[in-house]
Structure formats: C-alpha cells, structure tokens
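Please look over the sequence and the 3D structure below before reading on. The notes after it are grouped by topic.

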Amino acid sequence: MNGKHTNTTTSEKTELSSLTAVSPIDGRYANKTKALRPILSEYGLIYHRVSIEIKWFKSLADQDGIEEFPKLSKADSKFLDELLETFNEENALEIKTTEATTNHDVKAVEYWVKNKVKERSSLAPYLEFIHFACTSEDINNLSHSCMLSAARTQVLCPMLSEIHSKLVSLAQAYADIPMLSRTHGQTASPTTLGKEIANFGYRLESAINHFKAVKLLGKMNGAVGNYNAHLSAYPRLNWQAISQAFVESLGIEFNPYTTQIEPHDCIAQYCNALKVIHQILLDLNRDIWTYISLGYFKQRAVDNEVGSSTMPHKVNPIDFENSEGNLGLANAVLNHLAEKLPISRLQRDLSDSTVLRNLGVGLGYGLIAYQATLKGISKLEVNKLRIKEDLDNAWEVLAEPIQTVMRRAGIQNSYEALKAFTRGKEINEERIKAFIESLDLTETDKQSLLALTPSTYIGIADVLAKDI
C-alpha cells in the first residue's frame with residue numbers, strides 16, 4: 001500500500017443529502033435548522049423576490065396617475081395572489097434554469113413572473129409593468145428585510161422566549177436554595193441558585209426586547225435612489241409617497257435616503273443585537289458547565305447514550321458545550337455581516353451580494369445552539385447536598401457581615417481585623433463564633449451575628465429570584 005487515501009465515491013456520484021452536505025447546518029444538524037429553510041434558503045430568497053415583483057405590479061395598478069395600467073379586476077388580483085400562494089420548489093427550479101441563461105438571478109425572477117402573467121389574456125397587455133422602474137436591489141433589499149423579519153418572528157424569538165421562560169421557571173423554583181458565590185473563582189458572599197439563574201433570565205429578556213425592536217428598512221427608489229426612471233415615465237406622480245406606502249405595506253420601515261442599495265445598517269443592527277443575545281447564552285452555558293463540574297448540578301442520564309468511549313461512568317455536559325461552539329460560529333458570521341454589509345463603494349458594489357447569501361448561516365448556527373441549551377437545561381438536576389457541603393465549609397464568608405457591623409459600631413480597623421483573622425486561615429463555625437463573642441459589640445449585635453450561617457447570609461437573593 002502507498003498510504004494514499006482511496007475514496008469509494010466521487011464528486012460525480014455523490015448526491016446531496018444530510019450525509020454529504022459540506023456544511024453541518026444542512027448535514028448533521030439539518031433537522032435542527034429545518035424551520036429556517038423556507039425562509040432563508042435560496043428557495044426562500046426566490047420566493048420573496050417573486051412576492052415583491054407581484055406586489056409591486058399590483059401596487060402600480062392601484063395608482064390613479066398610470067392611465068396605461070388600469071385597476072385590476074378581482075379575478076385578476078386573485079390570479080396574482082394564487083401565483084404566490086401556490087409557488088413551490090418546482091417553480092423556483094424553473095427560475096434557476098432561466099438564471100443559467102441570463103446569469104442574473106433577479107432578471108430570471110422577472111422573466112418567470114412575466115411568463116406566468118402573460119398566460120392570462122386580461123393581464124398580458126401590461127407585462128412591462130412587471131419590474132417597472134426597478135433596479136435589482138429594489139427587489140433584493142425588500143426580500144432580505146422580509147426574510148429577516150419572518151425568521152425573527154416565526155423561528156428565533158419563539159425559541160429564545162422558550163429559553164427565557166425556562167430560566168424564569170428555574171429561578172423561581174431554586175429561589176430558596178442557598179449557594180456559595182465564587183467571585184474570581186474563590187469563595188464569596190452566598191447567593192441562591194435561583195438568583196444566579198434569574199440574572200441570566202433578566203439579561204436575556206432585555207436583549208430579546210432589543211432584538212425585537214430593531215427596525216428593518218427598505219427602499220423602492222430605482223437605480224441610484226432618486227426615482228430617475230419613475231419620473232421619466234410619470235413625472236406628475238409622487239413616487240416617494242408611492243414607494244413609502246408600498247414598503248410599509250410589507251411591514252418594513254421606509255428608508256428615504258439610499259444609493260442603489262439600501263445601506264444595510266439595519267441588518268448590521270439586527271446581527272449585533274443577536275450577537276448580544278448569543279454572548280449572554282455563552283455566559284450561561286459556561287456558568288452551568290462550571291456548576292456541573294462543581295457538582296452543584298447533576299445531569300439526568302439518557303438510556304443508550306454514551307458519555308465517553310472508554311469511561312462508562314461519564315455523563316458529560318455536551319449540550320452546553322455544543323451550544324457554546326455553535327454560538328461562537330454564529331457570532332463569527334454575524335460579526336462579518338455587521339462589519340461588511342454597511343460598506344459599499346460609491347453608489348454600489350457587488351461585494352454584499354454573496355455575503356447576504358449567508359444570513360441563514362449565522363442564524364442557523366444560532367438556532368442549533370438554542371436547541372442545545374434547551375436540551376441541556378432539560379437534563380439538569382440540583383444536587384442540594386453538594387451545594388450545602390460547600391456552604392458548610394465556607395464560614396469565612398461571614399467575615400463580610402462581621403466587619404460591616406463592627407464598622408457601624410465604630411470599631412477601628414474593622415476590615416483589617418477580619419483580614420488578619422481569616423485570610424489564609426482555616427475558618428470554621430467555632431472560630432467564627434468565638435471571634436464574635438470577643439468583640440466589643442452590644443449583645444443584640446452579637447446575637448444577630450451569631451445567628452448567621454453561610455446558608456442564611458443571602459441578603460434578598462431569594463426575593464429577587466422569585467420576583468423575576
């Protein structure tokens with residue numbers, strides 16, 4: 001043997017499937033990203049382009065000042081609506097076949113719509129009002145905004161809201177479980193398990209609301225954004241008002257100032273808002289991973305699953321690790337989208353075109369991560385004994401309330417006294433109580449401090465967790 005790898009298949013023989021897909025989004029994780037397929041795939045882009053073309057055609061028919069294009073009958077309007085309602089993958093493939101000849105994707109869509117419309121004799125005279133006064137980017141920018149809006153409303157936000165709901169439920173359920181904090185990885189003032197989860201719930205809710213509030217913009221103003229072609233044909237029409245009404249009818253905010261392209265600032269804001277959400281989820285994944293490592297959480301074993309190929313006992317936190325990895329990939333793509341898309345040379349260059357085809361990649365990796373986080377959360381079980389064990393071995397955390405009460409009583413160098421007593425020392429209940437008894441405090445203050453334990457020194461953590 002020469003050590004050369006021999007593959008039993010060739011590229012000519014290999015059919016595209018979830019097993020042969022180059023990207024894990026459409027391969028290993030295809031089942032997890034299928035909700036985005038009808039929206040953010042090339043089919044989804046073609047569908048939305050057809051939608052914009054048909055709706056613009058109908059909008060022009062409604063304009064009183066276009067005498068050459070009368071208002072549509074109900075039957076003709078229904079015919080156009082049904083073209084869109086029945087649009088399918090076979091139709092999209094027809095458009096792709098035309099594109100192979102035109103070498104222009106939007107023109108192929110225009111030709112397909114024209115071919116369909118001319119089959120209806122009552123509409124055939126008005127074919128040239130399809131794609132009337134449009135540049136390709138009039139169609140594309142509105143398609144992309146509609147796609148991102150649908151992805152946000154139909155897929156991303158429902159999944160993110162589910163994560164938020166789970167966190168709120170866990171925060172309230174675990175509100176009364178005292179837990180040692182670990183600032184800088186070291187023992188610190190106690191909190192509750194519920195309060196730490198509530199922190200993430202609150203952050204996530206705020207970030208989701210910010211994401212929902214990002215306005216997606218659109219334009220329908222021609223080759224360089226000035227309605228040049230529109231006015232050459234119909235100079236008396238208020239094309240800016242017509243354009244605004246059309247864009248807003250799609251649920252998109254109108255952008256009155258553009259070059260040939262809508263500048264994509266809104267897509268950058270959309271991506272950046274998602275990145276913040278992903279950073280919060282990354283933080284959550286890593287904290288839960290650490291709590292599992294500390295033994296604060298157990299993970300429910302799933303029959304027939306294998307944790308390690310050699311260590312039978314292991315139940316690894318793979319869901320949180322999977323989520324972490326996919327969130328990193330999502331943010332890498334989203335970051336490039338946010339940085340690149342708002343930049344275009346002069347009135348237009350084409351460098352955004354291929355980048356925009358990767359919107360589904362950034363969102364797809366995020367969707368995979370959301371599901372992994374949810375799966376990981378569903379397998380968590382609290383190990384109260386382990387949490388209590390750590391608290392019972394951390395009496396030094398009471399140095400904070402002791403020195404604070406000493407300060408109130410006017411005892412000099414209170415902090416320094418507790419520092420000398422506790423730092424680097426073995427501290428237990430007996431030593432802490434003996435120290436309290438030695439202090440020049442009122443009996444009331446002493447009894448209040450003597451009643452404290454690491455498990456009861458939690459401030460209002462339990463209240464905060466329940467109130468989220």
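Strands E1 (residues 178-181) and E2 run antiparallel and are joined by three bridges in this predicted model. The two strands form a hairpin, with six residues between them.

**The hairpin of E1 and E2**

- Pro178 has Thr192, in E2, as its bridge partner.
- His184 sits in the turn of the hairpin and has a positive phi of about 60°.
- Strand E2 covers residues 188-192, and four of its five residues are buried, so E2 is largely enclosed by the rest of the structure.

**Helices H8 and H11**

- Two packed helices are described by two values, the angle between their axes and the distance between those axes.
- Helix H8 spans residues 193-213 and helix H11 spans residues 265-294; their axes come within 9 Å and cross at roughly 165°.
- An angle over 145 degrees counts as roughly antiparallel, so H8 is roughly antiparallel to H11.
- The crossing in which H8 passes H11 is left-handed.
- On the H8 side, the residues that meet H11 are Glu196, Phe200, Arg203, Leu204, Ala207, Ile208, His210 and Phe211.
- On the H11 side, the residues that meet H8 include Tyr270, Ala273, Leu274, Val276, Ile277 and Ile280. Leu281, Asp283, Leu284, Asp287 and Tyr291 of H11 are also among them.
- Sorted by class, the residues of the contact of H8 with H11 are 14 nonpolar, one polar and four charged.

**Helices H11 and H12**

- Helix H12 (residues 318-340) packs with H11 at an angle of about 160°, and the two axes are 9 Å apart.
- H11 and H12 are therefore roughly antiparallel to each other.
- H11 passes H12 in a crossing that is left-handed.
- The contact of H11 with H12 has 14 nonpolar residues, along with seven polar and four charged ones.

**Gln403 in helix H16**

- Gln403 belongs to helix H16, which covers residues 399-408.
- The relative accessibility of Gln403 is 12%, so Gln403 counts as buried; the cut-off for buried is under 20%.
- Setting aside neighbours within four places in sequence, Gln403 is in contact with Ser414, Tyr415 and Leu418.
- From C-alpha to C-alpha, Gln403 and Leu180 are 19 Å apart in space, and 223 residues apart in sequence.

**Thr33 in helix H1**

- Thr33 is part of helix H1, which covers residues 30-33.
- Is Thr33 buried or exposed? Thr33 counts as buried, because its relative accessibility is 3%.
- Which residues does Thr33 touch, not counting those up to four places away in sequence? Thr33 touches Ile25, Gly364, Leu367 and Ile368.

**Ser149 in helix H7**

- Ser149 lies in helix H7, made up of residues 136-173.
- With a relative accessibility of 22%, Ser149 counts as partly exposed; that class lies between the cut-offs of 20% and 50%.
- Ser149 and Leu216 are 67 residues apart along the chain, and their C-alpha atoms are separated by 7.3 Å.

Technical notes
Residues are numbered from 1 along each chain as its sequence is written. This is a predicted model: local features need pLDDT of at least 70, side-chain atom pairs count only at pLDDT 80 or more; totals for chains, interfaces and linings use all residues. Side-chain values use heavy atoms; hydrogens and water are left out. Axes are lines fitted to C-alpha atoms, for helices over the stretch in contact, and angles run from 0 to 180 degrees between N-to-C directions. Angles under 35 degrees count as roughly parallel, over 145 as roughly antiparallel, 65 to 115 as roughly perpendicular and the rest as oblique. A crossing is left-handed if the near helix is turned anticlockwise from the far one by less than a right angle, and right-handed if clockwise. Contact means heavy atoms within 4.5 Å. Ala, Val, Leu, Ile, Met, Phe, Trp, Tyr, Cys and Pro count as nonpolar, Asp, Glu, Lys and Arg as charged, and the others, Gly among them, as polar. Buried means under 20% relative accessible area, exposed over 50%, partly exposed in between (1.4 Å probe, protein chains only). Two strands pair if DSSP finds at least two bridges between them.
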